[in-house]
Each structure stands twice: as C-alpha cells, then as structure tokens.
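Please keep the sequence and the structure at hand while reading.

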Amino acid sequence: MKPNGTNPIPADARARRAEPVVICYPTDTLPPFDRAFYDGVREGMELIDAVTVPPRQGNTAHVPAGHIFRIVSVDGPQVGDLNLWNANDLSERFYSGKTRALHGTHLGVGDKMWSTFPSMRPMATIIGDTLDWYGFDADGGSVHDVIGTRCDPYTNNLLTDDQYHHCCHSNLTRALADAKDMTLQQAEPLVHDVMNVFMCTGFTHKTHQYFMKASPVRPGDYIEMFAEIDLLVGLSACPGGDCGSEHSSDVVTCYPLVIEVYKPTADLGDWQSPAPNKYDRSHGR
Ligand SMILES: [Zn+2]
C-alpha cells in the first residue's frame, strides 16, 4: 500500500499526473477472435470425459488439441484454481502474468491463455462463459481473474503460523503428482499461478488491495475453452468455497467442480495448433 507522501508536492504535479494513459500491450495486431470457427467446432461436440474435483481437493484431465473443455459448477457456488500444462512438455505452462498484461485482470470470451517463455503461444481460447453478464460491479470486482496467484500454505503460514494442507497450491501439487506418477517434490515446482475460475475479485478503490467477494456462480454455470495444444488441465476446488468470507481453512462450505471434455465432430478444416513463439532467442549476442 502507498503511505501518505512525505516529500513536497511539485508545482507541476497536476500536469504530471494528467499524462495520457497508454495501453502497454495493444493486442490489435493479433488475429481477431473467430467466433464463427469456434461456434462451428462446438456444434455436435460429444462428451467423452467428465472428471470430478471433490471439495478441497485437486484433479486433472487430459484435453487433446482441438477438443473443448468446460469447468462446470455443480451442487453449489464454488471457486476453482486452474493450471494448464502442455501435456507433452510440462515445462510449458500457463503464464498468468503475461496473460494479464495482454488481456487485463479478468478473462472473458475471446481471450487466450498464453504459455510461458520461450513457447509463449495460446494454450487455450475462452469460447463460452455463462457469467459473461456480470461485467464489473460497483466495487470494481469481476470473475475469472489472473491476479490472485492461488491460495497456498506458505503465505498462510506466514500470516497465521498455521499448517494447512488443502490450499489450492497443495491440491494442485497432489493432483499433478498423481497424474504423472511424480513425487510431491517433483510436482510442486511445476504448479504455477492460476486463473481463478468463477472467483469474484478486484482491487479496492481506496487502497488498491486485492479483495474477494462471494462468487455469483450457481450450479449449471460453466466456462468453456478450446484446447489449442494438447493439455493437461489441473483444477482445485478452493477451500474458500464461494470465497465470500475466508480461504485457507476448513471453515466454509465447499462443493465439487466438474471438468467436462468434449470431442468435436465438426471438420476443423486446416486448423492446427499454434507454433511456438518465433523470437530467435539470441538475446543480442
Ligand atoms: Zn484456493
């Protein structure tokens, strides 16, 4: 938080503060969202897998390139913490920070989930969202943020001196270890900053602190994505439940989430997975 300044305000402070805003990463040179293509892919798609993520646990699903997956709310309002890995190379994984720099603090239909350097390519495209009506509320809150990293036992221990084992970080670590037959020590460094599915978050107007409020998600709501590459999808049903009061504890009611995987029956034409980033990696040498 910014403390009150102790230095004198310069005479031209007003002019300095009034400099125009410049978008850091304009995305208008990227290919536009091709809604007709994705609507065509969705038409006639067949459900081939449905993976349940129990409350305060994690789980994984394989989603082949060109398939669609949904994260579905069932039973009650529940927030999910989402990780994505290239199923064939776990070192390529979702890059929350750069996705935020490109698409903003909260994701919606048409946004892509970008992977880490050096591949830096779309891993998934968001093609459906039943909470798209929510927009931004009066507090500046919205759903599906890429700002909140994930709840984790280290920050919890730092702030409360507690040992809690069902934060999303730990849930994702166990789920990845189980999926790839790894030890927890092998899996943990591969767990990364998330997209907070269904979570309603923002920054307070006054102090710009990260806040959460009860998610507007209800059973039957879903977010839908097209897998641009072969994906291992990791999801944790956050111990915060709807995140309307607290997380990192067993206090609030939690519900399961479901990952549904769909195979397209439509012809994808000449679609193919995006190539890795074309930067030559010489770094000036
Ligand atoms: Zn969590």
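Two strands pair if DSSP finds at least two bridges between them. Helices (H or I, at least four residues) and strands (E, at least two) are DSSP runs, numbered from the N terminus. This is a predicted model, in which local features need pLDDT of at least 70, side-chain atom pairs count only at pLDDT 80 or more, and totals for chains, interfaces and linings use all residues. Residue numbers start from 1 along each chain as its sequence is written.

**Strand β4**
- β4 and β5 (residues 89-93) are paired antiparallel through 2 bridges, and Asn86 has Asp89 as its bridge partner in β5.
- With β12 (residues 231-237), β4 pairs antiparallel over 7 bridges; Ser236 in β12 is the bridge partner of Asp81.
- β9 (residues 195-203) is joined to β4 by 3 bridges, also running antiparallel, and Asn196 in β9 stands opposite Asp81.

**Burial of β4**
- A residue is buried if 20 or more other C-beta atoms, placed from the backbone, lie within 10 Å of its own.
- Because 7 of the 7 residues of β4 (residues 80-86) are buried, the strand is largely enclosed by the rest of the structure.
- One side of β4 carries Gly80, Leu82, Leu84 and Asn86, and the other Asp81, Asn83 and Trp85.

- β1 is joined to β13 (residues 257-263) by 7 bridges, and Asp49 has Val261 as its bridge partner in β13.

Technical notes: A residue is buried if 20 or more other C-beta atoms lie within 10 Å of its own, exposed if 12 or fewer, and partly exposed in between; C-beta atoms are placed from the backbone.
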